[in-house]
Amino acid sequence: MNGAAASAGAAIEVEGLTKRFGGRAVVDDFSIRVPPGTIFGFLGPNGSGKTTTIRLICGLLRADGGRGTCLGHDIMTESARIKARIGYMTQAFSLYADLTVRENLDFMARLHRVPRPREAVERALALHDLKGRANQLAGELSGGWKQHLALAAAAIHEPDLLLLDEPTAGIDPKTRRDFWDHIRELADNGVTVLVSTHYMDEAVQCDRIAFIAWGKKLIDAPTGEVAARVGLTTWRVEGDDLHALQRDLSGRPGIDQIARFGDSLRVSGRDAGALAAAIAPLRDDGRHRWRQVETGLEDAFIFLMAGVEDNFR
Amino acid sequence: MNGPFSLARVAAILRKEFTQMRRDRLTFAMMIGIPMMQLMLFGYAINTDPRHLPTAVELRDDGPATRAILYALENSDFFAVTDQVTHGGEARDAIVRAEAQFVVTVPENFERDLMRGTRPQLLLDADATDPVASSAATGAFAQIVASAVAPLLEGTALEGDLPDPAVETVIHRRYNPAGRTAVNVVPGLLGIILTMTMTLMTSIALTREIERGTLETLLATPARPAEVMAGKIAPFVMVGLVQTALMLGLAHLLFRVPFTGGSLAFGLSVGLFILVNLSIGFLFSTLARNQMQAMQLTFFFFLPSVLLSGFVFPFAGMPAWAQVIGQGLPNTHFIRIVRAVMLKAADLPDIVQPLLSLAAILVVVATLAVLRYRRTLD
């Protein structure tokens with residue numbers, strides 16, 4: 001713990017991290033600081049470098065440039081020490097399909113030299129509601145339960161830091177909610193969690209969010225401030241034939257983004273005045289109900305993903 | 001467009017297969033490499049009628065007849081005199097250690113007895129463990145000797161009274177007097193079976209971790225490469241020992257193959273040989289990207305292990321380059337050990353040389369394997 005104290009208590013602190021694959025920078029001059037005990041969200045489109053960044057932090061990949069510490073240990077030279085204190089949940093299920101749930105947990109507990117592994121396994125089974133499936137082969141579990149098992153396995157040795165790489169991809173909403181309850185519980189017990197996700201309902205549960213695209217960090221802020229930082233003004237439109245309205249609106253100066261959310265459209269722009277002017281002719285046609293709303297996380301992220309990143313460097 | 005049998009669809013699948021084949025470079029190399037290797041091995045290296053077999057001579061007499069006989073032996077192409085021994089113990093050692101296939105003993109007073117016409121004996125000790133290797137040479141021995149001494153006796157006073165033949169050739173087919181093939185093949189087979197199963201099982205067990213993605217989990221734990229290697233290899237050591245016990249039992253029960261040498265020497269050699277093959281399997285797993293490639297690499301290694309190790313075809317009959325390759329194969333040394341210990345009553349001092357060779361191969365392969373083992377996903 002001395003090392004952690006030396007880096008001012010940050011669970012992860014990296015600077016200028018760069019990783020190239022075949023000449024292409026997948027992670028490019030990436031810096032981040034994750035305070036201990038927080039749930040830190042990694043957001044970004046597919047292929048944005050989230051997985052590579054996580055692998056660099058835990059020493060599974062060697063960085064081509066930059067420096068950093070994870071739990072106070074140098075990520076370049078002390079990956080063995082880092083591995084002992086982190087739990088890593090891979091994007092694809094990577095436990096043993098031909099071992100049972102209990103056997104998988106037992107294996108991981110023993111690899112980490114957990115004292116009294118059997119008790120640790122039983123505790124994990126209870127904590128993650130896996131007791132009823134303890135003797136089932138991991139390969140036969142449904143997608144949701146596989147992820148529960150993977151989380152239990154990653155956390156079996158009570159790590160100080162959990163790295164969760166898209167832990168809820170392709171899982172039904174109910175299971176996702178249960179899964180996040182577990183993440184919360186772990187965080188409440190002082191574990192730092194770094195989690196990558198595509199889901200906005202999950203992103204809002206994070207304490208802090210970094211948005212990554214093309215291997216670069218575009219935004220890094222407490223979750224509540226992200227929308228404000230992007231600086232969008234948003235109007236919500238309800239009514240008939242939204243598709244035609246969307247076609248009509250698109251391309252008008254002042255409108256930077258039109259996104260369909262269920263039965264409504266959300267129309268956003270960076271310049272509030274220009275946006276108001278753009279929609280003015282349509283506001284009173286009586287066919288739609290217009291209302292200015294607070295810009296949400298999702299609006300902000302769709303906007304970021306659309307590639308207007310230059311304004312936020 | 002859903003006709004009964006579409007050539008266009010066949011062509012689409014065919015195209016896809018070729019694209020995949022091209023991407024998998026190792027498979028592609030193996031498709032070319034294995035037939036090439038087979039052609040080279042069967043065409044050039046293998047010789048079921050070996051010549052120039054290493055022969056030691058023990059000369060208790062010397063003279064024109066002795067020299068004529070040695071010259072004739074060399075000239076016959078069957079024998080190559082490589083060594084001179086001074087007493088019977090050395091002769092035995094030379095055969096046990098497979099340094100000599102034959103020992104020719106010229107007895108005391110051979111020259112005198114020959115000229116007196118009392119038909120002296122000329123002794124040929126043959127290593128008959130491999131009946132194929134020695135049969136042609138032993139068959140020709142009497143004739144070679146008779147032709148060699150004939151010119152010396154021509155025109156002497158004794159001509160006419162000479163016994164026929166003038167020299168009595170005595171042939172000892174050692175260690176396998178009945179020339180049974182099973183006696184030779186079964187001990188050799190132990191090396192083949194261990195080579196095949198040990199390398200294959202290890203390489204597959206490890207590439208499976210890569211293929212299923214579990215390696216990433218393993219790499220993210222504090223487990224060290226040496227720990228992973230030891231843990232993954234240990235179960236197969238036991239499998240190898242069980243196989244060995246089974247083979248030995250059946251060899252004795254079904255084929256009456258004797259076991260004449262030291263058990264400690266045998267146990268030590270089997271243990272070492274299993275370790276060597278497991279390290280080779282481990283090394284293959286660091287080269288292969290999937291289980292299919294691991295199998296191909298194993299097969300690529302297995303082929304020379306069968307053909308160039310002296311298992312089916314006599315080692316001494318192979319050209320020099322093939323013998324050099326053979327020396328690098330653990331199976332070559334193991335087969336020598338097993339044949340020496342089981343059939344020739346060898347003990348530790350007799351097998352020091354091949355044991356050291358096995359140990360050297362182990363050190364090289366294990367070092368390469370640990371160096372190649374990926375600590376990261378790079």
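I took strands as DSSP runs of E of at least two residues, and helices as runs of H or I of at least four, both numbered from the N terminus. Two strands count as paired if DSSP finds at least two bridges between them. For Glu13(A), the bridge partner in β4(A) is Thr69(A).

I noted that this is a predicted model, in which local features need pLDDT of at least 70 and side-chain atom pairs count only at pLDDT 80 or more, while totals for chains, interfaces and linings use all residues. Residues are numbered from 1 along each chain as its sequence is written, and chains are lettered from A and ligands numbered from 1 in the order in which they are written.

I then followed β1 (residues 12-21) of chain A to β2 (residues 24-34) of chain A; the two run antiparallel and are joined by 7 bridges. Val14(A) has Ile32(A) as its bridge partner in β2(A). The two strands form a hairpin with 2 residues between them, and Gly22(A) in the turn has a positive phi of about 55°.

**The six-stranded sheet of chain A**

I traced an open sheet of 6 strands in chain A, with mixed pairing and the order β6-β7-β8-β3-β9-β10. Its edge strands, each pairing on one side only, are β6 (86-89) and β10 (216-222) of chain A. From one strand to the next, the twist averages 15°. Angles here run from 0 to 180 degrees between N-to-C directions, with axes as lines fitted to C-alpha atoms, for helices over the stretch in contact.

I checked β6(A) against strand β7 (residues 161-165) of chain A: they pair in the parallel sense over 4 bridges. Gly87(A) stands opposite Leu162(A) in β7(A).

I looked next at the helices on these strands. Helix α7 (residues 173-188) of chain A lies across β3 (39-43), β7 and β8 (192-197) of chain A, at about 155° to β8(A). Helix α12 (residues 297-305) of chain A packs on the sheet and touches β3, β9 (208-213) and β10 of chain A, with its direction at about 25° to that of β9(A). Contact means C-beta atoms, placed from the backbone, within 7 Å.

**A helix pair in chain B**

I found that the axes of helix α3 (residues 64-75) of chain B and α6(B) come within 9 Å and cross at roughly 140°. The two helices are therefore oblique to each other; under 35 degrees counts as roughly parallel, over 145 as roughly antiparallel, 65 to 115 as roughly perpendicular, and the rest as oblique. The residues in contact include Ala68(B) and Leu73(B) from α3(B), and Ile144(B) and Leu152(B) from α6(B). I count this contact as 11 nonpolar, 1 polar and no charged residues. Ala, Val, Leu, Ile, Met, Phe, Trp, Tyr, Cys and Pro are nonpolar, Asp, Glu, Lys and Arg charged, and the others, Gly among them, polar.

I read domain 1 (53-174) and domain 2 (181-372) of chain B from the domain assignment, whose bounds are automatic or from a database. Their C-alpha centres lie 39 Å apart. In contact are 12 residues of domain 1 of chain B and 14 residues of domain 2 of chain B. On the domain 1 side, α6(B) gives the most, with 3 residues.

Methods: Two residues are in contact if their C-beta atoms, placed from the backbone, lie within 7 Å.
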